[in-house]
Amino acid sequence: NVNYINMFSDRVEYKQSDLLKYASSINIAYFLKVKKRKSRNPNGISETTARNVMSNLKTFVKQAQKKKYILGINLNDDSLNYKISPNAKAELFYTNELLEKIYDFQPKSLKTKLAKEYILIAALTGMRYQSVVLLKDYKLKELFNQTGEKFYAITNMSRKTGNELLSPIFKPVGEIYKFHGKFPDFPDLVTLNTYIRQLFKEMNVSDLIKYVEHIYGGEIIETKKLVADVASSHDNRGSFITNLNLLDVDPLIVKKMTHEHIYERSSHQIYLKRSMDDLAIQFYNKTK
């Protein structure tokens, strides 16, 4: 039904008089601009969108069940489980060369300056957006390795897993912190992605990537797209992992800095006692 609505049904045309009945604080201008808009893809929604809709439905039903509402939906029904398809821009990551260009580039506006700072922080710590926005509440921690070398780390809190660790920071991240006296406040995800694309357009990044869309119903559409048109905050985590892999850093060490399988339940992991400081020192030693 969601797919059908996106493909064939026009959206409601919002009128200012109607909107004022329900709220006085919403952005009226934005809603008036959203006229009869159909799906971005005439072939239907992507499998990723379909999966997100299904996930939201299941969350809604779970919340309703907690409040003792009966909706007649069985959450164990296999039809509510949707397969995971490859990311449409699976091959996109920011190379070290591109990161150097971003580091050297002087943005033309505060918006693109924020985008530059976000990319450098996220791509050099491997943090998700949800973790980066928490950094404004933390201060740097001073650490020393076994030979007395000093370095700095930041608290890396994962909202997804609830785990916390220390991430050593590379030079550009430290410079951002020093310039502001803290880490910046970043806007919401949609706004930030817009700023990131504006930054790449300012930089005249003309690289193309293969863009493979998996459409709900089984169709696969392959095109070429400009990086500047599809870049987003999501690309930074993969860039962190890929660049360290290309520099032959031990993948197990990198995993520890991305909350991946930090607490595996093997007997080895159960009896291995490592502090956050130990993990940070180990990562610093492998990447300094």
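This is a predicted model: local features need pLDDT of at least 70, side-chain atom pairs count only at pLDDT 80 or more; totals for chains, interfaces and linings use all residues.
Helices H5 and H6 cross with a left-handed sense.

**H5 against H6**
- H5 covers residues 96-104 and H6 covers residues 110-123; their axes sit 10 Å apart at an angle of about 140 degrees.
- That angle makes the pair oblique, since roughly antiparallel would need over 145 degrees.
- On the H5 side, the contact uses Leu99, Ile102 and Tyr103, which meet Lys116, Ile119, Leu120 and Ala123 of H6.
- Sorted by class, that contact has six nonpolar residues, one charged and no polar.

**Helix H14**
- H14 (residues 276-287) has 12 residues, so at 1.5 Å a residue it should span 16 Å; the end C-alpha atoms are 17 Å apart, which agrees.
- Its buried residues are Leu279, Ala280, Ile281, Phe283, Tyr284 and Thr287.

**Positive phi outside glycine**
- Asn204 isn't a glycine, yet its phi is positive, at about 60 degrees.
- You'll find Asn204 in the loop between helix H9 (189-202) and strand S4 (208-214), and it is exposed, with a relative accessible area of 64%.
- Asp248, also not a glycine, has a positive phi near 65 degrees.
- Asp248 lies in the loop between H11 and H12, and with a relative accessible area of 70% it counts as exposed.

Notes
Residues are numbered from 1 along each chain as its sequence is written. Side-chain values use heavy atoms; hydrogens and water are left out. Axes are lines fitted to C-alpha atoms, for helices over the stretch in contact, and angles run from 0 to 180 degrees between N-to-C directions. Helices (H or I, at least four residues) and strands (E, at least two) are DSSP runs, numbered from the N terminus. Angles under 35 degrees count as roughly parallel, over 145 as roughly antiparallel, 65 to 115 as roughly perpendicular and the rest as oblique. A crossing is left-handed if the near helix is turned anticlockwise from the far one by less than a right angle, and right-handed if clockwise. Contact means heavy atoms within 4.5 Å. Ala, Val, Leu, Ile, Met, Phe, Trp, Tyr, Cys and Pro count as nonpolar, Asp, Glu, Lys and Arg as charged, and the others, Gly among them, as polar. The expected span of a helix is 1.5 Å times one less than its number of residues. Buried means under 20% relative accessible area, exposed over 50%, partly exposed in between (1.4 Å probe, protein chains only).
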